[in-house]
Amino acid sequence: RLYFEYAQKMPIFDYHCHLSERQILANKPFADLFEIWLSGDHYKWRLMRNFGVNEEYITGDKSHKEKFLAYCKTLGTAFGNPLYHWSQVELKEFFNCELEINEENAELIWDWCNEFIRLNNVTPQKLIEQSNVTHIFTTNEVFDDLTTFEEIAKKDYQFKVIPAFRADKIMNIEAEKYNEFVDKL
């Protein structure tokens, strides 16, 4: 009742968006499912690393398809993990695909979703608006150039894109490039 009568139609404030402001501004159709799901999602990467997946299948040189297949193999073992359930919901909601995510269905899911992306010209704007997101907060360092946000504001989007202060690099005094980050600041 809470979901269907109240929450289902509520606007979403995305406080931790994995799309960069440059992707949102360019609004180019996604090339494939990897680009949407895995190219910048450190939560999915962490799950894969915890499962023992070699880094070449996470952020390395393997193809997008090989990385996606490795994610499906991992996710097939993660029932009960929020990523498992969230990914299943995303498949159904965004790609009209009701296959269970696992190693056995990985190729079918890859083909199905990539065909859906191609036929429906899936772009960041379409996904954001379909999700009823009204505000997106990107993760930016304190020294990032924010002019992209001015350009996004000129677009006819039904949502706002706002930089969120994230000082990870400037807070880690032991980081190898800490002095470079201080110089930028």
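**Exercise 1.** Is the crossing of α4 and α6 left-handed or right-handed?

*Solution.* The model is a predicted one. Start with how such a pair is described: two packed helices are characterised by the angle between their axes and the distance between the axes. Here the axes of helix α4 (residues 42-51) and α6 come within 11 Å, and they cross at roughly 130 degrees. Angles of 65 to 115 degrees count as roughly perpendicular and those over 145 as roughly antiparallel. The crossing of α4 and α6 is left-handed. At the contact, Tyr 43, Lys 44 and Leu 47 in α4 meet Leu 83, Ser 87 and Glu 90 in α6.

**Exercise 2.** Describe how α5 and α7 pack, and name the residues in contact.

*Solution.* Step one is the geometry: helix α5 (residues 64-75) and α7 have axes 9 Å apart and pack at an angle of about 125 degrees. Step two is the class: α5 and α7 are therefore oblique to each other. Step three is the hand, and the crossing of α5 and α7 is right-handed. Step four is the contact. From α5 come His 64, Lys 65, Phe 68, Leu 69 and Cys 72; from α7 come Ala 106, Glu 107, Ile 109 and Trp 110. Two of these names return in an aromatic cluster, which is formed by Trp 37, Phe 68, Tyr 71 and Trp 110.

**Exercise 3.** Why is the pair of Phe 95 and Phe 116 edge-to-face?

*Solution.* The structure holds ten aromatic pairs. In this one, the ring centres of Phe 95 and Phe 116 are 5.9 Å apart and the planes stand at 80 degrees. Planes over 60 degrees apart count as edge-to-face, so the pair of Phe 95 and Phe 116 belongs to that class. Next, locate the partners: Phe 95 is in helix α6 (residues 82-95) and Phe 116 is in helix α7 (residues 106-120). They are 21 residues apart, and the pair links distant parts of the chain. Phe 95 counts as buried because its relative accessibility is 1%, while Phe 116, at 24%, counts as partly exposed.

For another pair, take Tyr 157 and Phe 159. Their rings are stacked, with 4.8 Å from centre to centre and 15 degrees between the planes. Both Tyr 157 and Phe 159 are buried.

**Exercise 4.** What is the strand order of the open sheet, and which are its edge strands?

*Solution.* The open sheet has three strands in the order β1-β2-β3, with parallel pairing. Its edge strands are β1 (12-14) and β3 (160-165), as each pairs on one side only. On average, neighbouring strands of this sheet are turned by 20 degrees against each other, direction ignored. Now look at one pairing: β1 and strand β2 (residues 133-140) run parallel and are joined by three bridges. Within it, Asp 14 stands opposite Ile 136 in β2.

**Exercise 5.** Where are Asn 27 and Asn 96 found, and is each buried or exposed?

*Solution.* Recall the background: most residues other than glycine have a negative phi. Asn 27 has a positive phi, near 55 degrees, and is found in the loop between α2 (21-26) and α3 (33-37). Asn 27 counts as buried because its relative accessibility is 17%, and the cut-off for buried is under 20%. Asn 96 also has a positive phi, of about 50 degrees. Asn 96 lies in the loop between α6 and α7. With a relative accessible area of 52%, Asn 96 is exposed.

Key
Residues numbered from 1 in each chain as written. Predicted model: local features only at pLDDT ≥ 70, side-chain atom pairs only at ≥ 80, totals over all residues. Heavy atoms only, no water. Phe/Tyr/Trp six-rings, centres within 6.5 Å; stacked < 30°, edge-to-face > 60°. Helix = DSSP H or I, 4+ residues; strand = E, 2+ residues; numbered from the N terminus. Buried < 20%, exposed > 50% of the residue type's maximum accessible area, 1.4 Å probe, protein only. Pairing = 2+ DSSP bridges. Axes fitted to C-alpha atoms, helices over the stretch in contact; angles between N-to-C directions. Parallel < 35°, antiparallel > 145°, perpendicular 65-115°, else oblique. Left-handed = near helix turned anticlockwise from the far one by under 90°. Contact = heavy atoms within 4.5 Å.
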